[in-house]
Amino acid sequence: MKESRKLKNVALLATSHNVAKAYITRLNKAGFEPNRVILLDRKKRRIFQVAVFKSILKNYSVKEISKKVFKKLTTFTRSNRNELQIDNIGTVLSKVKSKLIQLDVFSTDLNQPTTSILKNVGWNYDKIEINSINDQNLINYLQENVQEDFIIFSGGGILRDSILSIGKRFIHVHPGIVPEVKGADCLLWSALVYEKIGMSSIIMNKGIDTGDIIHTSNFEIPKFEINIESYTLRTLKQTLINFVDPHYRAEHLVVTFKREPNPEKWDTIRQNTKDGRQYYFMHDSILPSVISKFVDSKNNKVQN
Amino acid sequence: MDSHIKIEYYLDNFSLSDEAVKVYETLLKKFELNKKIYRGYEVNLKKENSFEELTKTQYLKLITCFLLLSVSLNDVRYYNTALKIGDKVNIELPSVSILDFYEGK
């Protein structure tokens, strides 16, 4: 069994997001392991479930509620919300997977819980309950229990000044080359404007994607063999954002640590916040042009 | 000297001067964040000093300005936001072959 190198002064903030799952798998494959893993468990979901349960019991006896209905009403996950809007997602994902494997960017099947992935790689973790990524609970935990100076951020919201100012350095992989491409939907904007996938690892500050730059990478846009006439814009966009982007972020994170595993030795470059452009969520009318860049030219007609 | 910026002036007098482009860029950011534009802002454009939102006609003028900027500055972000303003005021913009904007960089 391959022995992993501990990233001694590094902790990973893991969530239920696909980015976290890709990070864990890819780091493990490259032989790296953060010194500490902190798994964030959102309280809100359970509060929702308890609220629904109480409301149902107010009006019905347990015997009156069919098991199927009960399960449907009390189960709420982020992946369920995506899947409700996607048809034939399995076919798209298998095509995406085979191409990403061919390009040696694929980390793991992302349709499994983060806890399963942690179990598969054999990493221990601390689990803490939070309401949000800026929860005081999390801030207290990081200050009182986490000795590591560097924390890999894997998503879950925008970090506010309250957590960014506790003295830890948060490492983030942004799906665009900064400062040129900052903001939202940057995987898509990079593909459209620069005809490539760009990734930047940065030390976060309170600006949006304005932190000191650790390293940047460019990748060729993968061309997937999918018949895009069979899918909606929404399906295709969600596939790119949730099932392609995380693998590239993970690959870039590994490259960042391979260059120098000790973050204290990193030479970072300060950004001029006035440079570059801030992008916003892409309007649906522009999506077909971008999606066409991710497919073989013979499959190029997107339905709206 | 005026203590505030009247947005109407910039809607009625399109310009590519540095000052005007700075105003348009700020309006783009404000619309993206707040989904509305007011008729007047403080000189530094950080805060509105009018509680009146643009009228539909004024939003259409803003769309026109953004489309002109998109082409002049080769900046698809203005077209992107113009589309969203179009959704707000129920106007469908002409579709554009976005790939014509970029010849690859």
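In helix α10(A), the buried residues are A:Leu233, A:Thr235, A:Leu236, A:Lys237, A:Gln238, A:Thr239, A:Leu240 and A:Phe243. Because eight of the 11 residues of this helix (residues 233–243) are buried, α10 of chain A is largely enclosed by the rest of the structure. The model described here is predicted.

**Chain A as a whole**

Chain A has 304 residues, and buried residues make up 52% of them. Its secondary structure comprises 12 helices and nine strands. Of the contacts in chain A with a separation of 6 or more, 79% are between residues 24 or more positions apart. The accessible surface of chain A is about 15,300 Å², and carbon and sulfur atoms contribute 48% of that area.

**The sheet of chain A**

Seven strands of chain A form an open sheet with mixed pairing, in the order β3-β2-β1-β4-β5-β7-β8. The edges are taken by β3 (126–130) and β8 (212–219), each with a single partner strand, so one side of each is left without a neighbour in the sheet. On average, neighbouring strands are turned by 25 degrees against each other, direction ignored.

Strand β2(A) is mostly covered, with nine of its 11 residues buried. Strand β2 (residues 32–42) runs parallel to β3(A) and is joined to it by five bridges; here A:Arg42 stands opposite A:Ile130. The pairing of β2(A) with β1(A) is also parallel and extends over seven bridges, with A:Leu12 opposite A:Val37.

Helix α11 (residues 245–259) of chain A lies across β1, β2, β4, β5, β7 and β8 of that chain, and runs at about 125 degrees to β8(A). In the loop between α11 and β9 (277–279) of chain A is A:Pro263, which counts as buried at 5% relative accessibility. Leaving aside neighbours within four places in sequence, A:Pro263 is in contact with A:Val10, A:Phe150 and A:Phe257. From A:Pro263 to A:Thr15 the separation is 248 residues in sequence and 22 Å in space, C-alpha to C-alpha.

**Salt bridges**

Over all chains, the count of salt bridges comes to 17.

| Pair | Closest N to O distance |
|---|---|
| A:Glu251 and A:Arg26 | 2.6 Å |
| A:Asp212 and A:Arg270 | 2.9 Å |

A:Glu251 in helix α11 and A:Arg26 in helix α1 (residues 18–29) of chain A are 225 residues apart, and their pair links distant parts of the chain. Both A:Glu251 and A:Arg26 are buried.

A:Lys29 lies in helix α1 of chain A and A:Asp104 in the loop between α5 (89–102) and α6 (114–121), so this pair ties together parts that are 75 residues apart in sequence. A:Lys29 is partly exposed, with a relative accessible area of 47%, and A:Asp104 counts as partly exposed at 47% relative accessibility.

A:Asp212 belongs to strand β8 of chain A and A:Arg270 to the loop between α11 and β9, so their pair ties together parts that are 58 residues apart in sequence. A:Asp212 is buried, at 16% relative accessible area, whereas A:Arg270 is exposed, at 66%.

A network of salt bridges links A:Arg277, B:Glu25, B:Asp75 and B:Arg77.

**A surface patch on chain B**

B:Phe14, B:Leu16, B:Leu68 and B:Leu73 form a nonpolar patch on the surface, together with about 310 Å² of accessible area. Of these residues, B:Leu16 lies in the loop between α1 (7–12) and α2 (18–34) of chain B. B:Leu16 is partly exposed, with a relative accessible area of 44%.

How values were computed
Residues numbered from 1 in each chain as written. Chains lettered and ligands numbered in written order. Predicted model: local features only at pLDDT ≥ 70, side-chain atom pairs only at ≥ 80, totals over all residues. Heavy atoms only, no water. Buried < 20%, exposed > 50% of the residue type's maximum accessible area, 1.4 Å probe, protein only. Helix = DSSP H or I, 4+ residues; strand = E, 2+ residues; numbered from the N terminus. Patch = residues over 30% accessible without salt bridge, like charges linked within 9 Å, V, L, I, M, F, W, Y side chains within 5 Å. Areas by Shrake-Rupley, 256 points an atom, 1.4 Å probe, with all protein chains shown as cover. Salt bridge = Lys/Arg side-chain N within 4 Å of Asp/Glu carboxyl O. Pairing = 2+ DSSP bridges. Axes fitted to C-alpha atoms, helices over the stretch in contact; angles between N-to-C directions. Contact = heavy atoms within 4.5 Å.
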